[in-house]
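The following note is meant for a colleague who is meeting this structure for the first time.

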Amino acid sequence: MNIPFLGNRRAKAAAPDPEGIADLLAECDLLRSQASREGVRLDDSAASLEELDQLVPRWRDDEEILPWLGNDAGLYLGTVIVRTVPGAAWWIRPDGQPVVRLASGREFDVVACGQEWAAHGAPELSQLYAEVAEE
């Protein structure tokens, strides 16, 4: 709606802020809360992925939490990759799905990986990280 005395309030589409997107995707509140309760500190390091892999998966009994935790696990994996693997960056696909794009151009669907990890425990997050870090 355009009301002349209010002026044109439509903002121009701004270019995405890569740091802002990375900070938003790194929040992972549910995963951080679960990990903290188990004494695991998520410090965005590869070692913290190994610690997550060792958690007893109590969340698998809760069908409501499972998909959210899997989403957070994937975003956390992506955060560790983006912060520690040279050339890796977040990329938002046209369908809105966040993926990690590696320097080679390969896209890595970390959310799907996190969902698999939360539901089945395999592949382990640390193993996925090691595969990506090798490239």
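**Notes on the predicted model**

1. C28 is buried, at a relative accessible area of 4%; here buried means under 20% relative accessible area, exposed means over 50%, and partly exposed covers what falls in between (1.4 Å probe, protein chains only). C28 lies in the loop between α1 (18–25) and α2 (29–37); helices (H or I, at least four residues) and strands (E, at least two) are DSSP runs, numbered from the N terminus. The phi of C28 is near 45°, a positive value in a residue other than glycine.

2. On the basis of the description: this is a predicted model, in which local features need pLDDT of at least 70 and side-chain atom pairs count only at pLDDT 80 or more, while totals for chains, interfaces and linings use all residues. Residues are numbered from 1 along each chain as its sequence is written, and side-chain values use heavy atoms, with hydrogens and water left out.

3. The protein chain has 6 helices and 3 strands, which follow one another along the sequence in the pattern α-α-α-α-β-β-β-α-α. Of its 135 residues, 36% count as buried. Among contacts (heavy atoms within 4.5 Å) with a separation of 6 or more, 57% come from residues 24 or more positions apart.

4. The strands form an open sheet of 3 strands in the order β1-β2-β3, with antiparallel pairing; two strands pair if DSSP finds at least two bridges between them. At the edges are β1 (89–92) and β3 (107–108), each pairing on one side only. Helix α4 (residues 65–84) packs on this sheet and touches β1, β2 and β3. The direction of α4 makes about 135° with that of β1, where axes are lines fitted to C-alpha atoms, for helices over the stretch in contact, and angles run from 0 to 180 degrees between N-to-C directions.

5. The pairing of β1 with β2 (residues 98–101) is antiparallel and spans 4 bridges. In this pair, W90 stands opposite V100 in β2. R101 lies over the face of W91, at 4.0 Å from the ring centre; a charge sits over a ring if NZ of Lys or CZ of Arg is within 6 Å of the ring centre and within 35 degrees of the ring normal.

6. Which residues does L77 touch, not counting those up to four places away in sequence? They are L49, F108, V110, C113, L125, L128 and Y129. L77 lies in helix α4 and is buried, with a relative accessible area of 0%. L77 and L49 are 28 residues apart in sequence, yet 7.4 Å apart in space, C-alpha to C-alpha. C113, another residue touched by L77, is itself buried at 16%.

7. The count of disulfides is 0, a disulfide being a pair of cysteine sulfur atoms within 2.5 Å.

8. Two further backbone features deserve a look. Most residues other than glycine have a negative phi, and most peptide bonds are trans. D44, in the loop between α2 and α3 (46–53), has a positive phi of about 65° although it is not a glycine. D44 counts as buried, at 15% relative accessibility. The peptide bond from A122 to P123 is cis, with omega near -5°, and P123 lies in the loop between α5 (110–120) and α6 (125–134).
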